[in-house]
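Please look over the sequence and the model shown here before reading on.

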Amino acid sequence: MENPWDRRFEGQDYLFGTEPNAFLVSQAFRFEPGMKVLAVADGEGRNGVWLAERGLDVVSVDGSGVGLAKARALAHRRGVSLQTVLADLALWEWESEAYDVVVAIFVQFAPPDLRKTMFEGFHTCLKPGGILVMQGYRVEQLRYGTGGPPHADHLYTRDLLIRSFGHWEIRHLQEHDSVIEEGAGHSGMSALIDLVAEKARHDILPLPSVEAAQADLRIAARTSVCSQAGSLAAERTSYRPRNADAIQSSTSVSRSASPSRNRVITKWSTPDSESNSPLSGATASMQLIITSDGIRSSSSPAIMSTRPA
Ligand SMILES: C[S@@+](CC[C@H](N)C(=O)[O-])C[C@H]1O[C@@H](n2cnc3c(N)ncnc32)[C@H](O)[C@@H]1O
């Protein structure tokens, strides 16, 4: 079947230009030569090539063979190399902890189910401490019509990104309306959202540090409950946690002769006194598994139960 992107990329012109995305350039201070980057849906390669020019080791994946041929031609003209991979991201196998950086600039071809798979894939393929640099259109872009898909459910909101990346360290999150000139494809005033998120390093902690793991876990749980409360607030009520320190947590450690049965379980709850909270009385837990070579989280902090509002 013909790929519509192949047709859009036909011809000499580069649909989104040959200069890198301005938000990506603004994050240059985060990149170092030798870092391994996955440039997701990199199209005609303007971003992957720019990263390669900075000495990064770039894998540029896209579903359009025409786009990737132009990416290779651009790399050749600039005297750099990048690895191009032709693949449908709906079928892509996300290699575990392989990359220092994932770049996802305007990857909004994805409807909600595929977007969820891709966002989870970004997490899988980053090393702990690795970063995701992402820019996309907000729902308000539909009014501007200066680029992007005409489908609201493909576009981002701040809440969507907070919910999707709540278990990452969010380093930068900004909504803005700005003029962009990226070839004929993206041109004019645009409703944008920029994200830099870091994959948490505390998935694996060195032994012996059960106490450190517990402390880390309490912070993670508290941060998570606050950010989930924050995003619920936007949807349902005007609730903001009055006192994050009021969130209670208890941790139990059980050791066993068999390392895979060792567990650290932290439960935390919001107090009933937060009566205007949709999370009043909510409980949640997170479990760590202790093995001989470290402590590995087996689950992200998650709301396990909420009281009906
Ligand atoms: C808006 S363009 C963005 C290109 C590039 N990131 C940029 O900013 O210049 C969207 C890209 O997604 C790619 N794409 C669309 N569906 C895809 C899929 N299922 N798998 C892989 N790539 C896909 C297209 O080929 C296209 O290059």
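## Ligand surroundings

Which of the 18 residues around the ligand come nearest? They are Trp5, Ala41, Gly43, Gly63 and Ser64, where a residue counts as near a molecule if its C-beta atom, placed from the backbone, lies within 6 Å of it. By type, the shell around the ligand divides into 8 nonpolar, 6 polar and 4 charged residues. Here Ala, Val, Leu, Ile, Met, Phe, Trp, Tyr, Cys and Pro count as nonpolar, Asp, Glu, Lys and Arg as charged, and the others, Gly among them, as polar.

## Basis of the model

The model is predicted: local features need pLDDT of at least 70, side-chain atom pairs count only at pLDDT 80 or more, and totals for chains, interfaces and linings use all residues. Residues are numbered from 1 along each chain as its sequence is written.

## The chain as a whole

The protein chain has 8 helices and 13 strands; these are DSSP runs numbered from the N terminus, with helices (H or I) of at least four residues and strands (E) of at least two. Of its 309 residues, 35% are buried. A residue is buried if 20 or more other C-beta atoms lie within 10 Å of its own, exposed if 12 or fewer, and partly exposed in between, with C-beta atoms placed from the backbone.

## Strand β1 and its partners

Strand β1 (residues 36-40) is largely enclosed by the rest of the structure, because 4 of its 5 residues are buried. With strand β2 (residues 57-62) it pairs in the parallel sense over 5 bridges; strands pair if DSSP finds at least two bridges between them. Leucine 38 stands opposite valine 59 in β2. Between β1 and β2 the chain passes through helix α3 (residues 46-53), a right-handed β-α-β crossover: with the strands pointing away from the viewer, the path from the first strand over the helix to the second runs clockwise.

β1 also runs parallel to strand β4 (residues 99-105), joined by 3 bridges. Valine 37 has valine 101 as its bridge partner in β4.

## Two positive phi angles

Alanine 41 is not a glycine, yet its phi is positive, about 50°. Its place is the loop between β1 and α3, and it counts as buried because it has 23 C-beta neighbours inside 10 Å.

Glutamate 97 also has a positive phi, near 45°. This residue sits in the loop between β3 (83-86) and β4. Glutamate 97 is partly exposed, with 14 other C-beta atoms within 10 Å.
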